[in-house]
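Thanks, everyone. Let me put the structure up, and then we'll walk through it.

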Amino acid sequence: MAKLVSLISGGIDSPVAAYLMLRRGVELVAVHMDNRPFTDEKNLNKTLSLVRHLQNLTQSPIRTYVVPHGPNHIAFARNCQRHLHCLFCRRMMYRIAERIAQKEQAAGILTGESLGQVASQTLQNLMVENQVVSVPVIRPLIGLDKVEIIDIARKIGTYEISTLPGLCCTIVPKKPSTAARAKDLHDEEQKIDLGALIKKSLEGMYVLDPEAL
Amino acid sequence: MYSILKPCNTSAAFEAIPRDRFSLDLDLCEEILGNDCTIVTNAGILLIVNDRCEVSIHKDGRLILKTDSKDLAAEQAARIAGWLEGSPAIRKHRNRGNAGRTDPAAGK
């Protein structure tokens, strides 16, 4: 059976993407990037509730990795261009998800991105995000609009969990780039020790087995 | 100094908007607030401190107060304002008028 690493937040989209793959028989490993202190613990709690709900709904056990992402945000905020922050964040998530995919022998990364929904999800930005990993990034929601995604979320019962209170990321720039260039991102990322950040993130992560949820 | 607002429907926090336009030197804020609060992190563009609740302090003076209670948010914003007002960490902008949205019924 195929296996994917599912990047999952406490929001509306990523649980829908996960559900669509689960119902196709794909085995999932969930990865939650913990953005504290730039969010709050409610987001983590919502994510774990969503994974538990998806497990019950589909009768598919899902191992969940929780990865500390706050220190990565601090490094980018202190050293790199502000308007590119969301791109650095997402590229880092992909890199870490790829490492977990290798460990889990998963075939790729699954995300809840849909085209144009937020600044980081333009075609240009998705392209430069893809460039940092060699595994495929699967985006089952890419052509859906928000209303369509919410309709599915309501049908599968994740909408009520996703819309519980939770603080949005507070380090998002006021004017995020919608058309980042790969060279600019690469040059900025040279200012920090990416390898050390990835290593620290992986050392700080913890795993919740399906029965622990 | 601040008007207290709810930032969005699903947020478990309040936002405090400065009534007058100013900017903050977050390194100085860290020094000043470190006497009374726990410094969670200084990310350069954002300072996070913990007092009665956790507060994200932006360079433009906005505060994100991580609490469900509007009363606690207003109290916490007033405490931060009390510590910072008149200090060198605040740089007021001239001739720019009222910067923030106003909520006359709320806040301090």
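This is a predicted model: local features need pLDDT of at least 70, side-chain atom pairs count only at pLDDT 80 or more; totals for chains, interfaces and linings use all residues.

Chain A has an open sheet of six strands, ordered 5-4-1-2-3-6. The pairing in this sheet is mixed. Strand 5, at 137-138, and strand 6, at 206-208, are the edge strands of the chain A sheet, each pairing on one side only. Look at strand 2, residues 27-34. Strand 2 and strand 3 of chain A pair in the parallel sense, with six bridges. In that pair, A:His32 stands opposite A:Val66 of strand 3.

Next, helix 9 of chain A, residues 194-204. Which of its residues are buried? They are A:Leu194, A:Leu197, A:Ile198 and A:Ser201. These four sit on the same side of helix 9, because they cover an arc of only 100° around the axis. What does the buried side pack against? The partners in chain A are strand 3 (63-68), helix 3 (70-79), helix 4 (85-104) and helix 8 (182-189). The face away from the buried side carries A:Lys199, A:Lys200 and A:Glu203, which are exposed.

On to chain B. Here too there is an open sheet of six strands, in the order 1-2-7-6-5-4, and the pairing is antiparallel. From one strand to the next, the twist averages 20°. Strand 4 pairs with strand 5, residues 46-50, in the antiparallel sense over four bridges. There, B:Thr38 stands opposite B:Asn50 of strand 5. Helix 1 of chain B, residues 26-33, lies across strand 4, strand 5 and strand 6 (54-58). Helix 1 runs at about 10° to strand 5 of chain B.

Last, the interface. Chain B contributes 21 residues to the contact, and chain A contributes 18 residues. Together the two chains bury about 1,400 Å², with 63% of that on carbon and sulfur atoms. How many salt bridges are there between chain B and chain A? The count is one. A:Lys174 forms a salt bridge with B:Asp60, and the closest N and O atoms are 2.9 Å apart.

That's the tour. Questions, please.

Notes: Residues are numbered from 1 along each chain as its sequence is written. Chains are lettered from A and ligands numbered from 1 in the order in which they are written. Side-chain values use heavy atoms; hydrogens and water are left out. Two strands pair if DSSP finds at least two bridges between them. Helices (H or I, at least four residues) and strands (E, at least two) are DSSP runs, numbered from the N terminus. Axes are lines fitted to C-alpha atoms, for helices over the stretch in contact, and angles run from 0 to 180 degrees between N-to-C directions. Contact means heavy atoms within 4.5 Å. Buried means under 20% relative accessible area, exposed over 50%, partly exposed in between (1.4 Å probe, protein chains only). The arc is that of the directions from the helix axis to the C-beta atoms. Buried area is the accessible area (1.4 Å probe) that two parts lose on being put together, summed over both. A salt bridge is a side-chain nitrogen of Lys or Arg within 4 Å of a carboxyl oxygen of Asp or Glu.
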